[in-house]
Amino acid sequence: MKKFLATLTAASLICGTAFAMKPVTIVNQGSFMAGGTIASEDGKTLHGDHAYVFYQIPKKYS
């Protein structure tokens, strides 16, 4: 019963915080890959050891 009440309390705090937040305007977004290696065998290629980055830049509020 204590676990249920703790979970319910945590969920209500998270939801309450989410509804209190103002919307964010995104002015730019994109993605890029960095680093990595390419292995080839029998005409097949494998791309590994890399980072895929997705970013969003918000409008600054004054």
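A: We'll talk about the strands, then a ring pair.

A: Quick notes: this is a predicted model, where local features need pLDDT of at least 70, side-chain atom pairs count only at pLDDT 80 or more, and totals for chains, interfaces and linings use all residues. Residues are numbered from 1 along each chain as its sequence is written, and side-chain values use heavy atoms, leaving out hydrogens and water.

Q: How do β1 and β2 pair up?
A: Strand β1 (residues 26-41) and strand β2 (residues 44-58) run antiparallel, over 14 bridges. Strands here are DSSP runs of E with at least two residues, numbered from the N terminus, and two strands pair if DSSP finds at least two bridges between them.

Q: Which residue in β2 is the bridge partner of A34?
A: That's A51.

Q: And what's between the strands?
A: Two residues; β1 and β2 form a hairpin, and D42 in the turn has a positive phi of about 55°.

Q: New topic: how many aromatic pairs are there?
A: A search of the whole structure finds one. F32 and Y55 have ring centres 6.2 Å apart and planes at 50°, so the pair is tilted. Rings of Phe, Tyr and Trp (its six-membered ring) pair if their centres lie within 6.5 Å; planes under 30 degrees apart are stacked, over 60 edge-to-face, the rest tilted.

Q: Where do those two sit in the chain?
A: F32 is in strand β1 and Y55 in strand β2, 23 residues apart.

Note on methods
Helix = DSSP H or I, 4+ residues; strand = E, 2+ residues; numbered from the N terminus.
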